[in-house]
Amino acid sequence: MEIASFNVNSIRARTHAVPVWLSEAKPDIVCLQELKTMDADFPSELFEELGYNVALHGQKSYNGVAVLSKLPFEEVNMRLPGDDNDEQARYLEVVVAGKNGPVRVSSIYLPNGNPVMDGDSFSAKYTYKLDWMARLKAHAQTLLTYEEPLILCGDYNVIPSADDVHDASLWAGDALFMPQTHAAFRAITNLGLTSAYEQVDGRPHQYTYWGYQGGARPKNHGIRIDHLLCSAQAIDHLKSVRIDEHVRDREKPSDHVPIIGVFDL
DNA sequence: ATGACCGATTGCATCGGA
């Protein structure tokens, strides 16, 4: 089973790029982020034609997550517990039937959090990011008690270490690289979730995002912020990981590229 | 010679992104 994560930066702007990539890569499950559209305007037919079932949690203009799956959904959950007033569409969790039992997959669009400061204290945006990460930790803790293959896929907006960016000094003080961000990310991984990339590859300076500005892609000034966090029951069956960075060099690309984990599940 | 950001909105500029 191949499971991918891809922040598309508007699904309507990517009606060519995403189906072309799907036709080549043929992943079984794809977690999409930053749809930037309401459910009614999501081009489901493009994906149904390619054999995918679609689970959708859209939002007008911002955010929005989806899961495409060749296997039918046995369960779909659209909310990250912990704040009933949170209206932002950033979480979608599904369960499909693997070879040896249920496989649980989430599509995550973790808040950016910039700017970090508002005067002398953390901004509302950065506080929302840290709160959201604490909620994700609490939910992950619940899901891990199921002792299932669990893969939390998404745009975490977290640069895990200085090895995951061209020049870390340029990111000091950024919400993606703050000590508090790193601590909140470790609080999640320390529960027993392993980054698929770090488990089977781990080379430094491999990126999943290059900004549109300043020739970031040709200069290879990227960051690695899209991650597949896996329970032990998933990591046991992880065979390989790849980052399809060639997608970034095509016409009208997203600023992110897909990351794919190959699991024997 | 110079790698000039992109997408959504009700807009002809502003916001959010990372």
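**Notes on the model**

1. A66 touches L32, L35, V54, A55, L56, L92 and S107, leaving aside residues up to four places away in sequence; contact here is C-beta atoms, placed from the backbone, within 7 Å. This is a predicted model, in which local features need pLDDT of at least 70, side-chain atom pairs count only at pLDDT 80 or more, and totals for chains, interfaces and linings use all residues. Residues are numbered from 1 along each chain as its sequence is written, and chains are lettered from A and ligands numbered from 1 in the order in which they are written.

2. A66 is also among the residues with the most contacts inside the largest nonpolar core, which has 72 residues. Such a core is a set of buried Ala, Val, Leu, Ile, Met, Phe, Trp, Tyr and Cys residues joined through C-beta atoms within 7 Å. Buried means 20 or more other C-beta atoms within 10 Å of a residue's own, exposed 12 or fewer, and partly exposed in between.

3. N9 counts as partly exposed because it has 19 C-beta neighbours inside 10 Å, whereas S61, with 9, counts as exposed.

4. The peptide bond from N114 to P115 is cis, with omega near -5°. Most peptide bonds are trans.

How values were computed
Two residues are in contact if their C-beta atoms, placed from the backbone, lie within 7 Å.
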